[in-house]
Amino acid sequence: MLERVKKLIEEVNSFNSTNVDEIETFRIKFLGSKGLLKELFAEFKNVPNEQKKEFGQTINTLKKLAEDKVSSLKETIENSKEEKGIYGDLTRPSELIDLGSRHPISIVKNKIIDVFNRIGFTISEGPEIEDDWHNFTALNLPEYHPARDMQDTFFINENLDTLLRTHTSSVQVRHMENNQPPIRTISPGRVFRNEDISARAHCIFHQVEGLYIDTDVSFADLKQTLLYFTKEMFGKSKIRLRPSYFPFTEPSAEVDIYWGLETETDYKITKGTGWLEIMGCGMVDPNVLKNCNIDPEKYSGYAFGMGIERIAMLLYQIPDIRMFYENDVRFLKQFKSVI
Ligand code: DAH
């Protein structure tokens, strides 16, 4: 019996490991509730009296050695962790940093800006809180003009003369008031309308306004510029201009692009016609030029206005305008690869 205990002492002394599981198996084997020491202590009563003293001392030694072994091996593991310092294992692959991405509205806005920059248009901006003059009156929409009904407005005072701009056309007024022709500018920005929110409409959205004023600007110039834009933006080279009405342009037109009828979606979004309306445009009404201190006898010009959401929905086949404002990361993530 004593011999067996001495063998076990040798086993404990020679045990070595840096593996947590191995050390735990060793602990259970010797010190566990059903372990060898438990067994040996139970044997104690069967040991002849004259051997009891030596046997008792030896199993106590075994117990102490086993306990010390377990704690010293555990300590060695802990120390080696600390030695790696706060950086841990420097050869480990780094954790991925999730990069943010631009919002699709910003991507499309930047694309539009880029296309017009290339043909000499500058950028101009104006305030989102506007006065009646710049949003309506100067644009040939005097008070009580029925065309004001076209845009349900968020007025922000009781006199109804301060409001959240309903379109970026207000910026063309500001720009003309402060600059003389030649003028070539686009004005991107946020606009507000008191509309019910649905898949196709929202009370906050974005527009880009375009304005070109110089001597001898014609409707043909307008059409060529828009054709260039649709080619660059959508890769589509067929457009048509349908007569329309805007108080600030005369004549006015609605611009359609030929989208095609190749897929089922094309049928759906063009209602089976292949044509899609993308913006309004026209020759700046001489009254508007006059209101902005530009001589209509000397100068003429064109203007156009488009909704950025609409363009983005077409480019990326987004079915619901509300997706732009929900900030659902699963939606936004999809635009990561687009700069
Ligand atoms: N301001 C118009 C709107 O919000 C868009 C527009 C149409 C702007 C024709 C223009 C234009 O400059 O010529 O619906």
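Pro251 has its place in strand E7 (residues 249–258), where helices (H or I, at least four residues) and strands (E, at least two) are DSSP runs numbered from the N terminus. The peptide bond that joins Glu250 and Pro251 is cis, with omega about -5 degrees. This is a predicted model, in which local features need pLDDT of at least 70, side-chain atom pairs count only at pLDDT 80 or more, and totals for chains, interfaces and linings use all residues. Residues are numbered from 1 along each chain as its sequence is written, and side-chain values use heavy atoms, with hydrogens and water left out.

**Around the ligand**

- The ligand has 16 residues around it, and the closest are His167, Ser169, Arg193, Gln207 and Glu209; a residue counts as near if one of its heavy atoms lies within 4 Å.
- By type, the shell around the ligand divides into 5 nonpolar, 9 polar and 2 charged residues; Asp, Glu, Lys and Arg count as charged, Ala, Val, Leu, Ile, Met, Phe, Trp, Tyr, Cys and Pro as nonpolar, and the others, Gly among them, as polar.
- Helix H7 (169–178) and strands E5 (204–214), E8 (275–284) and E9 (300–307) each supply at least two residues of this shell.
- His167 places a polar side-chain atom 3.0 Å from a nitrogen atom of the ligand, and a polar side-chain atom of Ser169 also lies 3.0 Å from a ligand nitrogen atom.
- For Arg193, a polar side-chain atom lies 2.8 Å from an oxygen atom of the ligand.
- Of the 350 Å² of accessible area that the ligand has on its own, the protein covers 91% (Shrake-Rupley method, 1.4 Å probe).

**The sheet**

- An open sheet is formed by 7 strands in the order E1-E4-E5-E9-E8-E7-E6, with mixed pairing; two strands pair if DSSP finds at least two bridges between them.
- Strand E1 (122–123) and strand E6 (239–246) stand at the edges with a single partner strand each, so one side of each is left without a neighbour in the sheet.
- Strand E4 (residues 183–192) runs antiparallel to E5, and 10 bridges join them.
- Ile183 has Ile213 as its bridge partner in E5.

**Backbone points to check by eye**

- Most residues other than glycine have a negative phi, and most peptide bonds are trans.
- From Pro181 to Pro182 the peptide bond is cis, with omega near 0 degrees, and Pro182 is found in the loop between H7 and E4.
- Asn140 is not a glycine, yet has a positive phi of about 75 degrees.
- Look for Asn140 in the loop between helix H6 (132–135) and strand E3 (162–164).

Conventions
A polar contact is a pair of N or O atoms within 3.5 Å; within protein, one must be able to donate a hydrogen and the other to accept it, and residues adjacent in sequence count only if both atoms are side-chain atoms.
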